[in-house]
Amino acid sequence: MVGLEPARTFVLARTGLLLPPARRAEHNMGMPETAERWTAAMVRALPDDRNRYEVIDGELLVTPSPSWPHQRAVGGLFLRLSAYLRGQRWAVVSMSPADISFHEDMLVQPDLFVVPIGPDRRLPRHWSDVRALLLAVEVLSPSTARADRQSKRRLYQREGVGEYWIVDLDARVVERWRPEDDRPEIVTGTLTWQPESSTPPLELDLAEFFDDVLRESVG
């Protein structure tokens, strides 16, 4: 979009404004001025320009490339969740880029997400195979905070996602949402997660986690 500011997440619906030019394509690409609601198919047709494109209830969200601390937090959580789920046959963890779409006017890319595995024990082969999430995780940044706490949170609750974690690196807390919650649980000490009663819970020491991902030197 002309004049797109990289420091913000934009909700673009009913606008008719042009999208950013394709950085890896031969021609510029924009959506028709008559478009009023975005669909998952329209988002999939956009060029790869290093931004993250999502659509919620027909509104487009555009997020610039994440920061170094953001990616360290995502990576740190992925390693911990992967270790916890290793050898388990009921769930698998993944990260974005992704294409989670339960409806034609919805496509999201959670930073991290846990997908349940059915009785047939088959892993997803296509994004369309993902029809539910046990966990969605977003790490806050200045460009995503509003969408993460509002539109995405409402979407994840409405879709019955087991838990939604909002990781606030500045405050060093995790805001935990469940589908029925009116307010988040603010976790500052140990974050405990047990979606499967037959498996011992994951216990995440948040002080250790934040110290690790926010450290400024090696050793």
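This briefing describes the fold of a single chain and then turns to some of its elements and residues. The model is a predicted one, and its chain contains five helices and twelve strands. Of the 219 residues in the chain, 46% are buried, and the accessible surface comes to about 12,100 Å², with 50% of that area belonging to carbon and sulfur atoms. Among contacts in the chain with a separation of 6 or more, 53% are accounted for by residues 24 or more positions apart.

**The six-stranded sheet**

- Six strands form an open sheet in the order S4-S6-S7-S8-S9-S10, and their pairing is mixed.
- The edges of this sheet are strand S4 (91-95) and strand S10 (185-187), each of which pairs on one side only.
- On average, and with direction ignored, neighbouring strands of the sheet are turned by 20° against each other.
- Within the sheet, strand S7 (residues 135-139) and strand S8 (residues 163-168) run parallel and are joined by five bridges, and valine 137 has tryptophan 165 in S8 as its bridge partner.

**Helix H2 against the sheet**

- Helix H2 (residues 68-85) packs on the sheet, where it touches S4, S6, S7 and S8, and its direction makes about 165° with that of S4.
- The end C-alpha atoms of H2 are 26 Å apart, which agrees with the span of 26 Å that its 18 residues should have at 1.5 Å a residue.
- The buried residues of H2 are His70, Ala73, Val74, Gly76, Leu77, Leu81, Ser82, Tyr84 and Leu85.
- At the start of H2, the backbone nitrogen of histidine 70, which is itself one of the buried residues of the helix, has a side-chain oxygen of serine 67 within 3.3 Å.
- After H2 comes glycine 87, which has a positive phi near 85°.

- Strand S2 (residues 52-56) is joined to S3 by five bridges, and the two strands run antiparallel.
- Arginine 52 stands opposite threonine 63, which lies in S3.
- Two residues lie between the strands of this hairpin, in which aspartate 57 takes a positive phi near 55°.
- Strand S3 (residues 59-63) is largely enclosed by the rest of the structure, because four of its five residues are buried.

- Glutamine 109 is placed in the loop between strand S5 (106-107) and strand S6 (112-116).
- Although it belongs to a loop, glutamine 109 counts as buried, because its relative accessibility is 11%, which falls under the 20% limit for that class.
- Leaving aside residues up to four places away in sequence, glutamine 109 touches Arg52, Tyr53, Glu54, Ser96, Pro97, Ala98 and Glu138.
- A polar atom of the glutamine 109 side chain lies 3.2 Å from the backbone oxygen of tyrosine 53, and tyrosine 53 is also among the residues that glutamine 109 touches.

- Serine 141 is found in the loop that lies between S7 and helix H3 (145-149).
- With a relative accessible area of 17%, serine 141 is buried.
- Serine 141 and aspartate 168 are 27 residues apart along the chain, while their C-alpha atoms are separated by 8.1 Å.

Definitions and conventions:
Residues numbered from 1 in each chain as written. Predicted model: local features only at pLDDT ≥ 70, side-chain atom pairs only at ≥ 80, totals over all residues. Heavy atoms only, no water. Buried < 20%, exposed > 50% of the residue type's maximum accessible area, 1.4 Å probe, protein only. Polar contact = N/O pair within 3.5 Å; in protein donor to acceptor, adjacent residues only side chain to side chain. Contact = heavy atoms within 4.5 Å. Pairing = 2+ DSSP bridges. Axes fitted to C-alpha atoms, helices over the stretch in contact; angles between N-to-C directions. Areas by Shrake-Rupley, 256 points an atom, 1.4 Å probe, with all protein chains shown as cover. Expected span 1.5 Å × (residues − 1).
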